[in-house]
Amino acid sequence: MEKTDREYYTLDDMFVSKAAKRARSGEEEEIQRRKAIHEHQQLAARMEKCPYCFDSSELSKHLIIAIGTKQTQIILFFLFKQMFRNALVKMFEAKNLDCVFLETNMSMKKRYHMVYECIPLPKEVGDVAPIYFKKAIMESDEEWSVNKKLIDLSSKDIRKSVPKGLPYFSVDFGLQGGFAHVIEDQHKFPHYFGK
């Protein structure tokens, strides 16, 4: 029961009070509905202009090998990614090329994407790529960081190396391991860093 002045609180007051609560509840529901519609419209507008969304006109569709549909199936996606990675490395080796795999996961609140790219390189460039990326990662982002600046992925998987929910960049060299970097300030870290 609500606190009331017992002398002057009548049955009519009780019905009026309950009706007012229902009206407020209806107003709150309307506000929540409008908020959900606004968020949906914002997301649709972002995805329409997003360079990684399949329905976007910004996406270069001829470069796509595979598209994942659910985040919850990360283990299956990882195995799927490994399968393509092995095939791509073999294909480039047959053409006497090396390749690097770039994984960028940032702006998780604005974009709901993890981007995984394969870039073929001439063998001589592929040989010095680890040195180049190590130096570039050490010089990137914030001077003082909370997380380790450079994470060695030669013996660990990225999923076990970077804390869940944090934005990151990683690079792998062919079928070997590579490096990862937890992005401290997404505004200072360019989304095209790997390229």
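Residues are numbered from 1 along each chain as its sequence is written. In this predicted model, local features need pLDDT of at least 70, side-chain atom pairs count only at pLDDT 80 or more, totals for chains, interfaces and linings use all residues, and side-chain values use heavy atoms, with hydrogens and water left out.

**Exercise 1. Find where confidence is lowest and highest among the helices and strands.**

Start with the term: pLDDT is the predictor's confidence in each residue, from 0 to 100. Helices (H or I, at least four residues) and strands (E, at least two) are DSSP runs, numbered from the N terminus. Now look along the protein chain: helix H2 (residues 74–94) is lowest, at a mean of 75, and H3 is highest, at 91. Next, check residues 71–77, where the pLDDT is below 50. Where pLDDT is low, the predicted coordinates should not be read in detail.

**Exercise 2. Work out which elements build the largest nonpolar core.**

A nonpolar core is a set of buried Ala, Val, Leu, Ile, Met, Phe, Trp, Tyr and Cys residues joined through side-chain atoms within 4.5 Å. Buried means under 20% relative accessible area, exposed over 50%, partly exposed in between (1.4 Å probe, protein chains only). The largest core has 16 residues, and Val100, Phe133 and Phe173 are among those with the most contacts inside it. Two or more residues each come from strand S1 (97–105), helix H3 (123–139) and strand S4 (168–173). H3 gives the most, with 4 residues. A second, separate core has 7 residues, including Leu153 and Val182.

**Exercise 3. Follow H3 and describe its bend and its buried side.**

First, locate the kink: about 45 degrees at Ala129, shortly before the proline Pro130. The bend is the angle between axes fitted to the seven residues ending at a residue and the seven starting there. Then pick out the buried residues of H3: Gly126, Ala129, Phe133, Ala136 and Ile137. Finally, see what they pack against: S1, strand S2 (115–122), S4 and strand S5 (178–182).

**Exercise 4. Identify the partners of S5.**

Two strands pair if DSSP finds at least two bridges between them. On one side of the search, 5 bridges join S4 to S5, and the two run antiparallel. Val171 stands opposite Phe179 here. Strand S3 (residues 151–152) is also antiparallel to S5, joined by 2 bridges, and Asp152 has Phe179 as its bridge partner. To finish, check the covering: 5 of the 5 residues of S5 are buried.

Notes
Contact = heavy atoms within 4.5 Å.
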